[in-house]
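Please read it alongside the sequence and the coordinates displayed here.

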Amino acid sequence: LIEATTPATEVINLGVPGYNLRSELTYFERMGAKYRPDIVLLAICQNDVVDHDAQARRREEASRCTRVDPLHAAPARTLFSSTKQYLTDHSRIYRAAQEAVSAHKPLARAAIWMGLKDELAGFAGLDENLHSALRSYPPTVQHAMQLLQADLSRIDAAVRAGGARLLVVLIPAVQAVDARQLDLTLAYTSYVSGDFELDKPYRQIEGYARTCGIDVINPLRDFRQAQAAGERLYLPGDLHLSATGHLRLARAIVAAIR
C-alpha cells in the first residue's frame with residue numbers, strides 16, 4: 001500500500017511475525033542495513049512491551065527440567081473434565097456457549113459459582129496487549145517498558161549509523177480503539193476497565209522516542225474516530241487489522257514520509 005501510493009519509493013518488507021524489538025535490531029544489523037535504506041519503519045505493538053530477562057529465565061528453568069516433578073504435574077483428569085474437553089473438541093454449539101459465557105462477566109461468575117468454570121483470570125491470564133495499559137505497573141511491566149526504551153535507543157543508533165532515519169509506527173491495539181472489545185477481553189478476568197489507562201503506553205513510548213529525536217506516527221486518535229464513524233478496522237473476533245485498518249495506517253505512514 002505504501003509503495004503503491006509513493007511510486008518513486010522502493011519499499012522492502014522485512015517484518016517477521018512474533019519478533020520483538022531485540023530480535024528486530026539483530027535482524028536489521030544482519031539483513032536490513034545491507035539495503036542502505038533512507039527510512040526505517042519500526043512498527044511497535046503493545047505486546048512488544050516484553051520482559052526479555054524474565055523470558056530468558058523461564059527458558060533456562062525449562063531447560064533444567066529433565067523429568068516431571070510430581071508436585072507440578074498436570075492434575076488428573078476426571079469424568080467431568082474429560083467430558084468438557086470432548087465437547088470443546090467436537091461440539092460447535094458447546095464452544096459457542098463457552099465463548100458467550102466467557103465474554104460476559106456476570107455469566108462467567110455464575111458459571112464459577114456453579115463449579116463449571118475456574119476462577120477469573122488474574123495478571124497471568126491478562127491479554128499481553130493490556131499489560132502496558134495498566135494504571136499501576138507491576139515491577140515486571142515497569143522493567144519491560146524500560147527494556148523497550150533501551151532497545152528503541154539501540155535501534156535508533158544502528159539506523160543512524162547507516163545514514164538512515166528511524167520512523168516509529170505505533171499500532172493501535174483493538175482494545176484501545178473499540179470499547180466493546182475491551183469489555184470482552186476483560187470479561188473472564190478479575191480486572192475492570194477502570195484498572196486501565198489505554199493511552200498510557202502510547203504516550204510513554206512516544207514521549208521517550210521524541211526525547212531521543214525519533215519521529216513517531218501515533219494514529220490512535222484517528223483510529224478511534226474512524227471506529228466511532230462505523231469503520232471496521234480489525235478482523236472479526238481478532239486483534240489484527242482489517243484491509244480498511246491497513247489502508248488507514250498506510251495513509252498515516254505515507255503522510256509522514258512525504
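## Strand pairing

In this predicted model, strand β2, which covers residues 165–170, pairs with β3 in the parallel sense, and three bridges join the two strands. Within this part of the structure, V168 is found opposite V216, the latter residue belonging to β3.

## The sheet and its helix

The strands form an open sheet of three, arranged in the order β1-β2-β3 and paired in parallel fashion. Because β1 (39–44) and β3 (215–217) each have a single partner strand, they stand at the edges, and one side of each is therefore left without a neighbour in the sheet. On average, and with direction ignored, neighbouring strands of this sheet are turned by 25° against each other.

Helix α7, made up of residues 139–161, packs on the sheet, where it touches both β1 and β2. The direction of α7 makes an angle of about 145° with that of β2.

## The chain as a whole

The secondary structure of the protein chain consists of twelve helices and three strands. When contacts with a separation of 6 or more are considered, 70% of them in the protein chain are accounted for by residues 24 or more positions apart.

Definitions and conventions:
Residues are numbered from 1 along each chain as its sequence is written. This is a predicted model: local features need pLDDT of at least 70, side-chain atom pairs count only at pLDDT 80 or more; totals for chains, interfaces and linings use all residues. Side-chain values use heavy atoms; hydrogens and water are left out. Two strands pair if DSSP finds at least two bridges between them. Helices (H or I, at least four residues) and strands (E, at least two) are DSSP runs, numbered from the N terminus. Axes are lines fitted to C-alpha atoms, for helices over the stretch in contact, and angles run from 0 to 180 degrees between N-to-C directions. Contact means heavy atoms within 4.5 Å.
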